[in-house]
Amino acid sequence: MTEIGTARRRSEDARLVTGRTRWTDNIAPAGTLYAAFLRSPYAHARITGVDAEAARRRPNVVAVLTGADLAGEQGALPCAWTVTEDMRNPAHPPMAVEEVRYAGEPVACVVARDRYAAYDALEDIDVDYEPLPAVVDMERAVQDGAALVHADLGTNESYRWVFENGDLDAAFRDAPVVLERRYVQQRLIPTAMEPRAVLCEPDGDGFTLYSATQIPHILRLMLATVTGIGEHRIRVVAPDVGGGFGSKLQVYGEEVLCLLLARRLGRPVKWTETRSEGNMAVHHGRDQIQRLRLAADGDGRVRGLKVDLLADMGAYLMLVTPGIPLLGAFMFNGIYKMDAYSFACTGVFTTKTPTDAYRGAGRPEATFGIERLMDELAAELGLDPIEVRRRNWIGHGEFPYDTIAGLTYDSGDYEAATDKALALFEYDKLRAEQADRRERRDPVQLGIGVSTFTEMCGLAPSRVLGSLSYGAGGWEHAAVRVLPSGKVEVVTGSSAHGQGHETAWAQITADRLGVPFEDVKVLHGDTAVSPKGMDTYGSRSLAVGGVALYRACDKVIDKARVLAAHLLEAAEGDLEFTAGRFAVRGVRDAGVTLQEVTSAAFAAHDLPDGVEPTLDSDATFDPDNFSFPHGTHLCAAEVDTETGMVRLRSYVAVDDIGKVVNPLIVEGQVHGGLAQGIAQALYEEAVYDADGNLTTTTMADYLVPSAADLPAFTTDRTETPATSNPLGVKGVGEAGTIASTPAVVNAVVDALRPFGVTDVPMPCTPERVWRALRGDQGAGHASAEPGAAGGLGSAGGGR
C-alpha cells in the first residue's frame with residue numbers, strides 16, 4: 001500500500017480533539033505575570049492625559065505602563081510589502097502615544113500577578129481624550145476636504161497601483177455588450193477557534209516567546225527588527241495553534257509588548273485575548289469596493305475587463321496589508337480568455353481596525369467579481385450561465401496558457417470538472433424545477449448559482465515576489481533525520497495550525513523512504529528545532545513545504561545509495577531503490593534495507609573514504625511558478641420572496657487540486673472553506689457606526705454559522721497534476737472559500753432576477769433580500785413589479 005493517496009485519520013487529532021496538548025494559554029511558568037490592555041473607546045482622538053496612579057495602587061498590580069512610557073523602546077510594527085515607491089506608510093506604534101486611530105487600539109497596559117487583577121485594574125486608568133473626526137466611508141475618505149486619519153500625510157490614500165495589458169479602448173469600442181457593476185466586499189472578522197495568546201519568558205540572556213501564530217520564523221525576525229534584540233537571542237514557539245485563517249499571519253503589538261514587558265520586569269509575561277477584545281484588535285479581512293466594466297461580443301465572448309478598487313487599509317499598514325488586494329489583480333480574469341485587462345487599486349486609510357490576510361487573501365474578492373459578472377453577462381444575453389463560461393474559458397488543450405494578467409497557468413481541465421459537477425448536481429433537473437416554480441409564481445423561488453474558478457497558491461516563487469516588492473521570499477525548508485534505529489524525524493519550516501501537516505508529511509516521507517508511517521515523527525513550530533522556514537499561509541504548505549520535504553528525502557536516498565553500493569560491492573548506478581530497499585538491478589534476492597544502511601552509517605566501521613556517518617539531509621524548495629487549483633461549484637438556493645429567508649438546498653463542489661496526498665484531509669479543508677465562503681455570502685459582516693465604533697464585538701452580534709446553518713455538501717475531484725513540482729500537488733486550503741461566495745450569491749440573485757433584482761449586497765440577510773424585492777435601490781433592485789419587464793413569467797425570467 002502506498003501512503004500518498006490514502007485517507008488516513010490525522011495522527012495529531014488524538015491530542016487535539018481531546019485537549020491533551022499545549023496551547024499557548026495552557027503554558028504558565030513559575031512566576032508568570034499577566035498583562036491586560038486598555039483600549040481606546042474612540043475611533044479617532046488625541047490622548048491629552050493618562051492618570052494611572054490608582055491602578056498602580058491596586059493589590060497584585062506589578063506595573064502600569066502607557067504608550068509614553070514605552071515610546072523609546074517599542075519601535076513601530078512592520079509592513080513588509082511596499083507595493084509602490086511612493087506608498088505612504090505611517091509609523092504604527094504597538095501602543096498609542098499621542099493619538100488613537102481606531103477603536104480598540106491599546107493605550108495602556110497593566111501587569112499583575114493574576115489575570116483578573118490585571119483586568120480589574122484597567123478600570124482605574126483615567127485617559128483624557130480629545131475626539132477627532134472619524135473616517136469610516138472609503139469613498140468619502142478620498143474626496144477633497146475629507147477628514148484625515150493621519151494629518152501629516154495630507155491624504156487618506158496610501159497608494160495607487162495599476163496593471164494594464166492589451167488595448168482596453170479597442171476592447172470597449174463598439175462592443176455590443178458593456179456591463180458596469182459596483183460590488184462591495186464587506187469587512188470580515190477572522191474567528192479562529194483559539195483566540196490569540198502570547199507568553200514571553202526570559203531565558204538566560206535571551207527570550208522564549210510562545211505565540212498562537214502562523215509565522216514563528218517571520219515573527220522572530222520581525223521581533224528582532226522592531227525591538228533591537230538580537231535575532232539569535234529570541235526563540236519563538238508556536239505550540240498547537242487552534243486555527244488562523246490569516247488572522248495569525250501577523251506581527252501584533254501585543255507580541256512586541258509582551259517581549260518588552262518581560263525584558264523590563266525580568267519575569268514571564270502572558271496575555272490572552274477575550275473574544276470581544278479580539279473582534280476589535282485582530283486584523284480584519286476583505287473590505288473592498290469594486291467598480292467593474294466588462295465588454296463582450298453579442299455571442300458572449302469577453303473582450304475586455306476594467307477593474308477599479310478601493311481597498312480599506314484601516315488605520316495602519318500591517319505586515320502585508322497593502323499587498324492583499326493586489327493578489328486579486330492576477331485573478332480577476334479567472335479562467336477566461338480576453339483581449340485586454342486593466343486593474344487599478346487605491347489603498348485607503350480609515351479609522352477602523354487594520355485589514356490584512358484572511359482566507360484566500362485577495363483571490364476570493366477577485367473571483368467574486370468575475371463570477372458575478374459572468375452571470376450578469378449570461379442574463380444580459382439570455383444565455384445559460386454555464387454556456388457563457390464555456391464560450392470563454394481556457395480549453396484543456398491550451399495549457400500551459402499565458403493569461404491576460406501575466407501568469408502562466410500550467411495545467412487544468414475546466415471542462416471535466418464542470419461536467420462532473422453538473423452531473424452530480426442534476427443541473428438540468430433543477431433548471432426544470434426552477435422554470436416550473438416561476439410559472440406557478442411559487443412564493444419560494446429556486447435559484448441556481450455557478451462558480452467556475454481558479455486561484456494562484458503556493459505563495460512563491462521568490463523572484464516574482466521580489467518583482468512585486470514583497471519583503472521576503474517564497475521558498476520553504478525541510479530536513480530529514482534518520483535515527484540510528486531506522487526511525488525518522490522530519491523537521492519542517494511549515495507551521496501547522498490545524499491543516500494536518502504531521503499526518504501528510506509522515507505519509508510523504510513513508511512513501512519516499514519506504515518506512516512505516518508510524519516510524520515517522522514530524523517536528524515544527526519552534527525556531528530552536530526548525531531554524532529555517534517561511535511558515536504557513538496562502539495554501540503553500542504542501543506545494544512548497546511538502547516538496548522541500550520530498551527533495552530532502554531524495555537526498556537521504558542519494559546518501560544511502562553511496563553506502564549501499566559499498567556494502568553490496570556494486571556500482572551506484574546499478575542500484576534500484578524500491579519500498580525502502582536497495583538491490584542490484586535485476587538481482588532481487590540480494591540487497592540491503594534503508595535501516596541496514598542507517599545502522600552501518602551509525603557504526604561507521606566500514607565507510608567509504610570521504611563518506612560521513614549520517615544520512616541526515618535537508619533541502620530548500622523555491623518553485624518556478626505558483627500552482628493553480630480550480631473547480632466548479634454549484635449551489636441551489638430556495639429564497640422565500642415573502643420573508644427574504646434564504647435556504648441552501650444543495651451544494652456541489654468539484655475541485656481539481658492536482659495529486660492528493662490524503663483525501664480525508666482534503667475533504668476537511670474543502671468543508672471548512674465552504675463554511676467560510678458561505679458565511680460571507682449569507683451571515684458575516686463587521687459593522688461600524690458613523691462614529692467609527694465597531695458594533696459587532698461579540699459572537700451574539702457577529703454571526704458565525706454553525707453546522708445547522710449549512711447544507712450537506714457533495715464533493716468530488718478531478719485531477720490534472722501540477723507541472724511546477726515533482727509531487728504534482730496544487731493546494732486546497734483556500735479553494736472552498738474562494739469558490740463558494742459567488743456561487744451562493746449568484747444563486748440568490750438568480751432566484752430573484754425575475755423580479756428585476758440584479759444584486760443583493762453581502763451578507764444576503766433576510767432583511768436585505770426583502771428590501772431588494774421591495775424596491776430598495778441600495779439593495780440591488782431594478783424593478784419590483786411582477787408584471788414588469790423581467791418579472792415572474794416573463795421571457796427574461798425563464799432560462
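1. Strand β8 is the main contributor to the lining of the second largest pocket, giving eight residues, the most of any element. The model under discussion is a predicted one. β8 spans residues 177-188, and at least two lining residues each also come from α5 (138-141) and β13 (285-296).

2. The volume of this second largest pocket is about 1000 Å³. Its lining comprises 37 residues, and those nearest the centre are D137, R182, V184, I289 and E685. Sorted by class, the lining of the pocket holds 18 nonpolar, 13 charged and six polar residues.

3. Strand β13, which supplies part of that lining, is joined to β14 by nine bridges, and the two strands run antiparallel. Within this pairing, R293 has K306 of β14 as its bridge partner. The two strands form a hairpin with five residues between them, and G300 in the turn has a positive phi of about 95°.

4. Strand β14 covers residues 302-314; eleven of its 13 residues are buried, and therefore the strand is largely enclosed by the rest of the structure. Besides its antiparallel pairing with β13, β14 pairs with β15 (residues 340-349) in the parallel sense, over ten bridges. In general, the strands of a sheet pair through backbone hydrogen bonds, in either the parallel or the antiparallel sense.

5. A separate point concerns an open sheet of three strands, ordered β4-β2-β6, with antiparallel pairing. Its edge strands are β4 (99-100) and β6 (126-131), each of which pairs on one side only. Two bridges connect β4 to β2 (residues 45-51), and these strands run antiparallel. A45 stands opposite V100 of β4.

6. Helix α16 consists of 13 residues, 501-513, and reaches 18 Å from its first C-alpha to its last, close to the 18 Å expected at 1.5 Å a residue. Is the helix mostly covered or mostly exposed? It is mostly covered, with eleven of the 13 residues of α16 buried. The buried residues of α16 include the run H501, E502, T503, A504 and W505, as well as A506, Q507, I508, T509, A510 and L513. After α16 comes G514, whose phi is positive, near 70°.

Note on methods
Residues are numbered from 1 along each chain as its sequence is written. This is a predicted model: local features need pLDDT of at least 70, side-chain atom pairs count only at pLDDT 80 or more; totals for chains, interfaces and linings use all residues. Side-chain values use heavy atoms; hydrogens and water are left out. On a 1 Å grid over the protein atoms alone, a cavity is a set of points where a 1.4 Å probe fits but cannot get out, and a pocket is an open set with protein on both sides within 12 Å along at least five of seven lines; lining residues have an atom within 4 Å of a point. Grid points are joined across faces, edges and corners, and a volume is the space filled by probe spheres set on the points. Helices (H or I, at least four residues) and strands (E, at least two) are DSSP runs, numbered from the N terminus. Ala, Val, Leu, Ile, Met, Phe, Trp, Tyr, Cys and Pro count as nonpolar, Asp, Glu, Lys and Arg as charged, and the others, Gly among them, as polar. The expected span of a helix is 1.5 Å times one less than its number of residues. Buried means under 20% relative accessible area, exposed over 50%, partly exposed in between (1.4 Å probe, protein chains only). Two strands pair if DSSP finds at least two bridges between them.
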